[in-house]
Amino acid sequence: MKTEFKAKFLQHVAKKRKEEGFTLIELLVVIIIIGILSAIALPSFLNQANKAKQSEAKQYLASINKGQQAYYAENGKFIVNTTSIAQLGLGIKTATSNYTYAIAGESGASARGWTSSAAGGLKVYAGIVFLTEADGANTSQTILCESSAAATTGADPTAVTSCPTAYSEAL
């Protein structure tokens, strides 16, 4: 009886070893589930990457806005020529891999605007600094505008105290 028990035990152990691993159907189900999850997650990931690139433009234009305000406070005028972003002394590039920055033009004695040109389907941004009179004194204010029209050169925000057409105020 003892040898019979040993034989059955060895058959049982051998059978268990054959059953180790996964079947082809189990592997296919796992691969399909991973594919569905990645199809859902990939667009969300790419959207977050674009938001990170667009935050560069917001940050740069906000810096240029503040630089223009400081320049006005020191010199009583805004920088008006298109090659003078370096005069603000901010140490930022006028072109990166995602955006190109330029002063769009002059808009009379009270406002100056600049835009960012986008690359690769990103939103376009425009920054504007303008003077308002309050209690007999001039105060400078800034606006940051965005447009969903990608890969355009931006708007020329001349003589405006609000976002140009096709732009909305960026938050």
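Predicted model: local features only at pLDDT ≥ 70, side-chain atom pairs only at ≥ 80, totals over all residues.

Residues are numbered from 1 along each chain as its sequence is written, and side-chain values use heavy atoms, without hydrogens and water.

Start with helix 2, residues 24–75. Helices (H or I, at least four residues) and strands (E, at least two) are DSSP runs, numbered from the N terminus. Helix 2 has 52 residues and spans 76 Å from first C-alpha to last, close to the 76 Å expected. The expected span is 1.5 Å times one less than the number of residues. Helix 2 bends by about 25° at Ala41; the bend is the angle between axes fitted to the seven residues ending there and the seven starting there. A proline, Pro43, follows within four residues. Just after helix 2, Gly76 has a positive phi of about 75°.

Now look for buried residues (under 20% relative accessible area; exposed is over 50%, partly exposed in between; 1.4 Å probe, protein chains only). In helix 2 they include Ala57, Tyr60, Leu61 and Ile64. Tyr60 counts as buried because its relative accessibility is 19%.

Turn to the rings. Rings of Phe, Tyr and Trp (its six-membered ring) pair if their centres lie within 6.5 Å; planes under 30 degrees apart are stacked, over 60 edge-to-face, the rest tilted. The whole structure holds three aromatic pairs. In one, Tyr60 and Tyr101 are tilted, 5.0 Å centre to centre with 35° between the planes. This pair links distant parts of the chain: Tyr60 in helix 2 and Tyr101 in strand 1 (residues 99–107), 41 residues apart. Tyr101 is buried because its relative accessibility is 4%. Tyr60, Tyr99, Tyr101 and Tyr125 form one aromatic cluster.
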